[in-house]
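Reader: I am new to protein structures and would like to look closely at one part. Please start there, then show me what surrounds the topic.

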Amino acid sequence: MPDLFPTNPDLSQVDEEQLPVPEHRRYRMGHFFGLYGAEHIAATEFVIGATLVTLGASFNDVVFGLLIGNLMAVLSFWLITARIATDVRLSLYAYLGRIAGTTTSTLYNGVNVIFFGMIAAAMITVAATGVTLQLDVPAQTAPYPTSLLFVAVVAVLSVVVVAVAIFGFEILSDFASISAPWLATMFICGAVVLIPPLLEAVNGQTTASIGEFVALAKSDIFTGETPDGSMSIGFWGVAGFAWAANSIAHFGLIDMALLRYARKSWYGIASSSGLIVGHYIGWICAGIMGAAVATLTQTPLTEISPGKMTFEALNWTGLIIVVVAGWTTANSNLYRAGLAAQSIFPDHSRAKVTAIVGAGVVCAAVFPFFYRSILPLLTYAGLAVMPIGGIVFAEHVLFKRFGMTRYWMHLKNLPRNIPALITWAAGIAFAALLNIFDFVLLYYIFLPTWAFSVVLYTILARAYGAADEFPDAQREQAGFEAQISAFHKEQAQTEGPVDSTPEPATLDHIIRWVWILGGLIAPLAFAAITLFASPDIATYDAQVDVFYTVALCSTLLYFTTAYWGLRRQKAQREASHRRGSKNE
């Protein structure tokens with residue numbers, strides 16, 4: 001077993017992922033609003049929003065249940081994930097290796113390869129629906145592909161996604177980060193412009209008061225009834241799903257990788273930019289779009305692809321949305337899967353293992369089953385890794401309070417953490433029993449599973465010697481941490497703060513206002529005109545055609561100017577760092 005706290009190490013040769021994030025590489029709050037917005041306003045929202053309709057969510061379920069569930073998720077990010085991340089400044093992968101050893105972390109990384117690979121495959125399929133719609137490929141309603149042309153389109157998109165994840169992820173990451181405000185805008189616009197024809201189809205008129213629209217939403221969108229007459233998901237089901245949808249990231253601690261860069265633990269509330277805008281407003285708008293398209297086209301919602309939904313709502317801009325959202329989400333998750341795979345095979349390059357994982361993703365992406373089952377897949381995947389979150393929480397938060405020692409496995413020089421392995425297996429079995437016997441609603445199983453894992457690991461670790469004293473080893477630990485602190489101070493003198501941005505020039509302000517007004521405000525304004533200034537269907541048809549043109553032009557303007565502004569900002573920051581280094 002490698003020495004966890006070596007004496008006089010050459011820290012310049014240590015992988016940065018194994019060291020805490022230094023102070024000069026930590027970011028302000030705004031950085032995390034952007035990250036979470038880009039992460040959670042994405043292609044999954046089209047699928048999940050429509051799925052809530054088919055699961056029989058009522059109007060009150062989505063308005064109040066989603067709000068409560070997403071607020072609970074924000075609090076979880078703040079009070080659990082960000083607290084631990086800003087304390088140790090390590091990713092979960094690195095911290096788990098210190099706590100539970102190589103065997104547990106290797107198994108965990110394997111699960112993450114599968115989990116993130118599934119999401120990447122599902123999002124490639126979503127992106128493909130925008131292309132296949134224009135090629136007259138029939139909707140893929142079976143779990144398996146029924147069209148060779150569909151398979152060909154998915155394969156081409158998959159190859160591009162894999163190539164970008166290997167070679168061009170930084171550019172794609174920049175592109176994804178600026179997509180969030182535009183995606184949120186278009187989600188709202190898509191729902192808004194479909195309201196007049198939906199009103200006309202149901203009530204014979206294109207306008208309605210707020211009260212009349214709410215009545216329509218209750219009777220024809222979020223009806224509280226499922227297509228097959230089965231039991232609806234209900235209020236607590238909706239709230240639980242909204243909370244559990246991100247359980248792998250907050251209670252499961254995956255997002256320690258992001259929040260370790262936060263200057264303060266309360267920056268965890270920045271997750272609201274994705275959860276409230278994407279998982280609340282986005283899901284509701286996607287549900288409205290799906291139900292409206294199903295009514296207007298007389299097609300069962302379960303047979304409507306995301307590409308069909310967005311094209312009916314936003315015309316060509318809708319196809320851009322579904323391709324961009326699916327593509328960027330697939331790339332980020334394939335990148336994560338590649339990192340997890342490289343942790344298992346450290347002797348191979350990230351590019352090589354990402355290519356191998358990508359081959360599996362290509363095969364999975366041709367099966368529509370994955371994107372149509374994204375809701376239960378997210379839930380079950382979260383349950384599979386939830387005990388790991390409980391193990392890390394117990395060792396980080398509870399051990400000191402109960403007179404136990406963090407990193408006890410390494411301090412005792414044990415080959416593997418048996419209590420962690422037992423707890424993980426027992427936690428999964430515990431979750432399975434709760435599900436099989438319906439003791440707890442599926443979407444809440446992560447809570448008792450996490451609590452069970454916290455308690456069991458604490459008891460087992462004490463029995464295996466976590467309460468022993470290790471004075472010599474702890475002195476070595478303190479010495480090693482002092483060396484890291486000195487090393488980071490030296491780095492700070494040459495690198496400068498990563499989040500220092502020079503005062504923007506006049507051109508930067510102009511660019512910013514162009515993409516805000518022309519790229520975001522303009523389509524919202526024309527969508528509102530389409531909604532409120534369409535007294536009859538003929539007027540609506542004329543108004544919506546204007547909106548389609550504005551939306552497409554605004555999209556081109558937005559991405560051109562927003563990306564230009566981003567590149568200028570990065571170039572100015574790099575130039576500022578170079579000048580600072582020369583002055584040193």
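What is the relative accessible area of Lys412, and how is this residue classed?

Author: Lys412 has a relative accessible area of 31%, so it is partly exposed. That class sits between two others: buried means under 20% relative accessible area and exposed means over 50%, using a 1.4 Å probe and protein chains only. A word on the model: it is predicted, so local features need pLDDT of at least 70 and side-chain atom pairs count only at pLDDT 80 or more, while totals for chains, interfaces and linings use all residues. Residues are numbered from 1 along each chain as its sequence is written, and side-chain values use heavy atoms, with hydrogens and water left out.

Now for the partner. The side chain of Lys412 meets that of Asp468 in a salt bridge, at 3.1 Å from N to O. Lys412 sits in the loop between α17 (408–411) and α18 (418–436), and Asp468 in the loop between α19 (446–463) and α20 (471–495), so the bridge ties together parts that are 56 residues apart in sequence. The helices are DSSP runs (H or I, at least four residues; strands are E, at least two), numbered from the N terminus. Asp468 is partly exposed, because its relative accessibility is 37%. Why can such pairs form at all? Side chains of opposite charge can pair when their charged atoms come close.

Asn413 lies in the loop between α17 and α18. Asn413 is exposed, since its relative accessible area is 56%. Its backbone stands out too: phi is positive, about 60°, although Asn413 is not a glycine. Most residues other than glycine have a negative phi. Gln298 is another such case, with phi near 55°. Gln298 lies in the loop between α11 (277–297) and α12. Its relative accessibility is 68%, so Gln298 counts as exposed.

Back to charges. The structure holds 3 salt bridges. One of them joins Arg568 and Asp508, with the closest N and O atoms 2.7 Å apart. This pair also links distant parts of the chain: Arg568 is in helix α22 (residues 537–583) and Asp508 in helix α21 (residues 506–532), 60 residues apart. Their accessibility is worth a check. Asp508 counts as buried because its relative accessibility is 12%. Arg568, at 23%, counts as partly exposed.

Another bridge is local. Glu312 and Lys308 meet at 3.0 Å, N to O. Both lie in helix α12 (residues 306–314), 4 residues apart, about one turn of the helix. Glu312 is partly exposed at 29% relative accessibility. Lys308 is partly exposed at 26%.

Next, look at helix α3. This helix has 30 residues and reaches 42 Å from its first C-alpha to its last, close to the 44 Å expected at 1.5 Å a residue. The expected span is 1.5 Å times one less than the number of residues. Yet α3 has a kink of about 35°, centred on Ala82. A bend at a residue is the angle between axes fitted to the seven residues ending there and the seven starting there. After α3 comes Arg89, whose phi is positive, near 60°.

Trp78 belongs to α3 (residues 59–88). Trp78 is partly exposed, because its relative accessibility is 32%. Together with Ile68, Met72, Leu75, Leu79 and Trp266, Trp78 forms a nonpolar patch on the surface, with about 530 Å² of accessible area in total. Patches take residues with over 30% relative accessible area and no salt bridge; like charges are joined within 9 Å, nonpolar side chains (Val, Leu, Ile, Met, Phe, Trp, Tyr) within 5 Å. The areas come from the Shrake-Rupley method with a 1.4 Å probe, and for residues only the protein chains shown count as cover.

Finish with a contrast inside the fold. His250 lies in the loop between α8 (234–244) and α9 (256–259). At 0% relative accessibility, His250 counts as buried. Leaving out residues up to four places away in sequence, His250 touches Ala73, Ser76, Phe77, Ile80, Thr81, Trp243 and Phe446. Contact means heavy atoms within 4.5 Å.

Notes
Salt bridge = Lys/Arg side-chain N within 4 Å of Asp/Glu carboxyl O.
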